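The following exercises are to be worked with the sequence and the model at hand. Each task is followed by a solution in steps.

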Amino acid sequence: MRKICLSPKARQASISWAFLLPNLIGVLCFTLLPMIRVLVSSLQSAVGGKWVGLRNYVNVWSNSAFQLALSNTVRFVVVCIPILLVLSLAIAVALHSLARTEYLTSAYLMPMAIPAASVVLVWKALFHENGLINALLTDLGLESVNWMNSGAAFWMLVISYLWKNLGYTMILWMAGLGAIPRNVYEAAQVDGATGWQTFRYVTAPNLRPTAYTITVLSLLNAFKVFREAWLVAGDYPHESMYLLQHLYNNWFRELDFDKISAASVMTSAVVFVLIGFLRRAWDQEV
Amino acid sequence: MGRVTRTLVYALLVGMAAVICFPVLFAVTGALSSQWELEEKLLPIFTYAEDMADWTLLPLAPTLRSLVEVLLDSPGFFTMFWNSVKISAGILAGQLVVDVPAAWALAKFPVRGKGKLLTLYILLMLMPFQVLMYPQYLVLRDLELLDTLGAVILPGIFSTFPVFLLHRFFQAIPKELLEAARLDGAGEVRIFCQIGIPLGTPGIVAVMILSFLDSWNMIEQPMTFLKSKELWPLSLFLPSIGLEDVGMGFAAALLMLIPALLLFLFCQDDLKQGIALSGGKD
């Protein structure tokens, strides 16, 4: 038998590709190439495939449902992310400074493991007009809230998002906190810093790179809140919680492929920019 | 912190944790209550009456009736549970076979253009499903996979998040160990099997948990790519249960919750480690 002789370098390269290719081919077939194809088709009309330049994009931009969904999505992100970041950081710092908190940490993380579909009945019972949250509010002598059919629907979405993501974000913060060397704190203590001063001048600066990463990851996770929204309120919820995700789904179902391809491309462009920030954050961290 | 503040902070944290865990307890209580008891408590929700719904932390008369009914008397439930299992198992198995070696190559082999490839994987992993929906629909249509479980499983296998996270775990394995093995004449495949996989097991476990939670919870993909109801996973079936079958709804929800919750309770440390790593630096 003739032995196949490859230089060590070529051998290494062929082994590398053998490890990598099965995955890479799948990624190319199911994600990357289709995305490129949609980029091209966003410049054509879905029927007939004539080149139409940016017409699909103009149509999407001037679509009133798109404007509503976009402004809701932006509003959701602008309201949610700061609340999520501050709240999860506060909990992470508190947990970090206490002993024996494994069980508490797990309790905060648990919603992440809960399938959205299996709490949909709970959500409906909690947020119904005659539901349990309103029962609690009236017992406390407060006005009850029409969660499903008023602007309050937006806040139901915010609560769902916080419930689901608080633990995850908190763990990310705790990893950042754990990476700050102990002796920095000891030095601060020797200098007689108060708790707030220690946070302001030691913890916060050291957490900056982590903060950046967490912000971008939270932004991107914000897209997943659609599940809860859709499960509770269906395809056409109250207009205050009509998100881009609802719109894209509805366009897809109505076979409005002109619009959906242009909208997909625009959304990926936004994600590209966000990732740009994320990479910069990671590079600075080294 | 003084003793008093410490206790206050602790109490506050426990209180918030209780609020966060409440929906889960609610789901369990609901599943162990009878249809009659649920109707009694939640009646104002069905009838839009003036008074408010009511709830107790534990069922007044706990019963396994609804659970038994779902398990024994609804063949539809079994089909969908089984579909969920098939989807999750398919995705996990595929990821083990395809993603683990790819992550190893990205972490340990001198592949040209590795940095760019990693950036690409991160980009793709962060794309929301709504962006991929139409592109994937087109491929699946061309491959005639629409309306088969493959339409959900195949794109799931090639999601890039597992590769990215595994690559981070593998990177932590010291280079010297591999160099020593190479000097002893071990081949690359053997090094991967005898050093990479055993030392990377915590990472592989963390990634598999995250993948399971993700695929078990999948809603958008099956909703978009599966037309026939007999292929639907549980996650699509549960929302269609109305309040008139509330007992069965809670029971089915609990049965869907149990695998995810058990996995979480037994593997929470691996999970925490995996999450911590997903936010760290390269």
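## Exercise 1: A helix pair across two chains

In this predicted model, helix α7 (residues 153–178) of chain A packs against α13(B) at an angle of about 70°, and their axes are 8 Å apart.

**Task.** Classify the arrangement of α7(A) and α13(B), and state which residues make the contact.

**Solution.** 
1. Two packed helices are described by the angle between their axes and by the distance between the axes.
2. Angles of 65 to 115 degrees count as roughly perpendicular.
3. The angle here is about 70°, and α7(A) and α13(B) are therefore roughly perpendicular to each other.
4. On the side of α7(A), the contact is made by A:Y168, A:I171, A:L172 and A:A175. From α13(B) come B:K272, B:I275, B:A276 and B:G279.
5. Sorted by class, this contact has six nonpolar residues, one polar and one charged.

## Exercise 2: The domains of chain B

**Task.** Describe how domain 1 of chain B meets domain 2 of chain B.

**Solution.** 
1. The domain assignment places residues 3–63 in domain 1 and 76–279 in domain 2 of chain B.
2. The C-alpha centres of these two domains lie 33 Å apart.
3. Ten residues of domain 1 are in contact with eight residues of domain 2.
4. On the domain 1 side, the elements that give two or more residues are α1 (3–31) and α2 (35–47) of chain B.
5. The largest share of that side, five residues, comes from α2(B).
6. By class, the domain 1 side comprises seven nonpolar residues, three polar and no charged.

## Exercise 3: The overall form of chain A

**Task.** Compare the radius of gyration of chain A with that of a compact globule of 286 residues, and describe the chain's make-up.

**Solution.** 
1. Chain A contains twelve helices and zero strands.
2. A compact globule of 286 residues would have a radius of gyration near 19 Å, whereas chain A has 25 Å.
3. Along its principal axes, the C-alpha trace of chain A spans about 70 × 60 × 40 Å.
4. Of the 286 residues of chain A, 40% count as buried.
5. Among contacts in chain A between residues at least 6 apart in sequence, 72% join residues at least 24 apart.

Conventions:
Residues numbered from 1 in each chain as written. Chains lettered and ligands numbered in written order. Predicted model: local features only at pLDDT ≥ 70, side-chain atom pairs only at ≥ 80, totals over all residues. Domains from an automatic or database assignment. Contact = placed C-beta atoms within 7 Å. Helix = DSSP H or I, 4+ residues; strand = E, 2+ residues; numbered from the N terminus. Nonpolar A, V, L, I, M, F, W, Y, C, P; charged D, E, K, R; others polar. Axes fitted to C-alpha atoms, helices over the stretch in contact; angles between N-to-C directions. Parallel < 35°, antiparallel > 145°, perpendicular 65-115°, else oblique. Rg over C-alpha atoms; globule rule 2.2 N^0.38 Å. Buried ≥ 20, exposed ≤ 12 C-beta atoms within 10 Å, placed from the backbone.
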